[in-house]
Amino acid sequence: MFATTLETDHHTLPPLPTPPVADLRLLEEVAAATAGVSRLEMCIQCGTCGGSCPSSADMDHTPRQLFAMVRAGMRDEVLRSNTPWICVSCYHCVVRCPQGVHIADVMYTLKSMAIRVKLYADSTAPDFSQTFVDLVENYGRSFEFGLATRHYLKHFPLRLPGMAPKGLGMITRGRMDLTPHRIEGIDKFKAILARAKELEAAS
Amino acid sequence: MTKYLYYPGCSLETNARAYYISLMAICEPLGLDLEEIHDWNCCGATEYVGISLTPAYALISRNLALAAKQANGTRTVVAPCSACYLNLAKADYYMRESPKLGEKVNKALAAGDLHYTPGSLDVRHLLDVIVHDVGLDAVRRAVVRPLSGLRVAPYLGCMVPRPDYEHRWSNPEYPNELDQVLKALGAEVIDFPLKTHCCGGHMTQIGPPVAYELIRRLIHAASEYQADLMATLCPMCQLNIDAYQGEMNHFFGTYYHMPILFFTQLMGLAFGKEPQELGIGKELVDSRLALARIGVEVPEAEAAPAPRRPRKAKEGLPMPRMPEEKELIR
Ligand code: SF4
Ligand code: SF4
């Protein structure tokens with residue numbers, strides 16, 4: 001009697017899930033794209049990083065979870081995670097990690113990988129970085145007024161410098177230049193960046 | 001006078017002009033001869049490496065290459081800005097750690113007729129140079145107007161004490177070097193538990209509520225310790241706590257008033273300089289009341305921006321709060 005019931009139950013069980021396609025190169029790829037020796041392969045999943053992180057509450061995954069996902073080859077989920085974008089590069093985790101993983105730098109790598117394949121949920125942060133970089137590439141120096149104007153126009157129109165009391169205060173106190181400063185060796189500077197971009201694309 | 005190669009960084013020429021002005025004013029009493037790296041470029045802040053690695057490191061390393069070329073009699077680069085310091089120091093360190101990165105960067109630099117041999121320079125932060133080269137005794141000797149009675153919260157933020165691959169600080173999470181300098185000036189230095197916590201960094205630009213909460217925690221703690229002001233060594237920390245304090249108050253419906261100055265400005269005051277020579281008055285959160293405690297009178301600043309009406313506190317974030325917080329909510 002018992003045996004029959006069990007057998008019937010067994011037949012009604014849902015089919016087993018199909019395992020995802022293995023993407024075992026992800027870990028290698030992330031490590032290779034990180035400055036210095038990332039030591040990401042050495043993560044022992046202790047969780048010290050997440051426990052030290054001031055912004056983990058806002059993260060989709062703690063750094064530890066994210067690194068497990070990298071090892072598991074969950075490319076899509078990793079690159080869609082907001083975690084690298086919420087990381088404020090405070091380096092608390094980095095000095096506490098028992099394995100010396102360059103956690104903050106891995107976060108930078110994951111950001112650049114997500115940008116390359118346009119996998120990010122919110123474009124505010126990538127846009128900000130890109131605008132900052134565009135201005136620096138053009139002048140050799142950063143240009144806050146230009147950055148704030150362009151960035152705020154798109155994402156926070158009410159905070160436009162010069163409109164908000166803060167912006168006005170910054171300008172009247174001589175803390176925000178209205179024109180950018182261009183370095184002298186701008187041509188060679190641009191040549192260096194162009195060559196660096198070729199090298200990056202080839203790697 | 002000891003000679004150093006000096007990398008000011010973009011902030012010191014714009015939003016942190018007060019840091020620049022005050023640093024120039026205290027060079028002489030400290031015996032620092034800072035020679036600016038000619039035609040330096042932006043270090044990329046915390047933005048460039050999140051976009052593309054090789055260009056980011058080539059950008060940083062152009063400065064190292066220029067500095068190495070210019071070096072006459074010194075191999076120490078001093079940076080007062082924390083992001084600049086970290087980027088320069090990290091680039092040098094990572095290129096040593098991974099020769100492949102160094103090769104790539106040098107291939108790129110070659111397009112601009114430059115080259116940098118990793119490890120040929122020593123990248124150091126200004127505070128490190130003041131504590132370890134100039135020395136606290138020399139600082140004490142230069143004091144003519146002790147900051148007695150001024151309660152100061154020393155605030156370093158993240159990127160100077162960490163990751164500290166070269167072990168330059170007493171502790172990467174709770175260093176005491178800034179405390180020591182401020183004590184040498186005669187200030188009453190509070191043991192500030194959040195001294196190396198994050199100011200929010202660029203989150204003020206991309207996710208303001210996250211940054212507001214981090215800023216609030218810092219200002220709240222400094223107020224609870226009854227600090228008259230905070231002293232920092234980071235342009236980003238100064239900007240977030242000073243320029244965004246109004247927005248933060250508005251967001252939480254609070255009325256905090258916590259001025260934040262660069263430690264070099266306090267050094268200048270202790271060395272007998274006038275506030276105008278130190279860029280005091282450029283801060284948005286007025287420091288006049290605090291400085292009156294040490295008998296320093298700051299002339300009326302430029303027209304202050306109109307105060308905003310704070311909103312109700314209920315719009316605060318669902319974030320962890322410290323147990324017995326008494327906020328200044330009305
Ligand atoms: S602290 Fe280091 S070893 Fe531990 S989980 Fe985080 S990255 Fe892995
Ligand atoms: S560096 Fe990033 S991940 Fe690490 S503790 Fe800080 S915010 Fe969290």
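Trainee: Why is B:Asp113 called exposed?

Mentor: Good place to start! In this predicted model, B:Asp113 has a relative accessible area of 55%.

Trainee: What makes the contact of B:Asp113 with A:Lys188 a salt bridge?

Mentor: The closest N and O atoms of B:Asp113 and A:Lys188 are 2.9 Å apart. The rule asks for a Lys or Arg side-chain nitrogen within 4 Å of a carboxyl oxygen of Asp or Glu, so this pair qualifies.

Trainee: How do you know that this pair joins two chains?

Mentor: Look at where the partners sit. B:Asp113 is in the loop between helix H5 (99–110) and strand E4 (122–125) of chain B, while A:Lys188 is in helix H12 (residues 186–202) of chain A, so the bridge links the two chains.

Trainee: Why is A:Lys188 called partly exposed?

Mentor: A:Lys188 has a relative accessibility of 44%.

Trainee: What makes B:Arg140 and B:Asp137 a salt bridge?

Mentor: Their side chains meet at 2.8 Å, N to O, and the limit is 4 Å, so they count. Both lie in helix H7 (residues 136–142) of chain B, 3 residues apart, about one turn of the helix.

Trainee: Why are B:Asp286 and B:Arg288 both called partly exposed?

Mentor: B:Asp286 has a relative accessible area of 29% and B:Arg288 has 25%. Buried means under 20% and exposed over 50%, so both residues fall in between. These two also form a salt bridge, with closest N and O atoms 2.7 Å apart.

Key:
Residues numbered from 1 in each chain as written. Chains lettered and ligands numbered in written order. Predicted model: local features only at pLDDT ≥ 70, side-chain atom pairs only at ≥ 80, totals over all residues. Heavy atoms only, no water. Helix = DSSP H or I, 4+ residues; strand = E, 2+ residues; numbered from the N terminus. Buried < 20%, exposed > 50% of the residue type's maximum accessible area, 1.4 Å probe, protein only.
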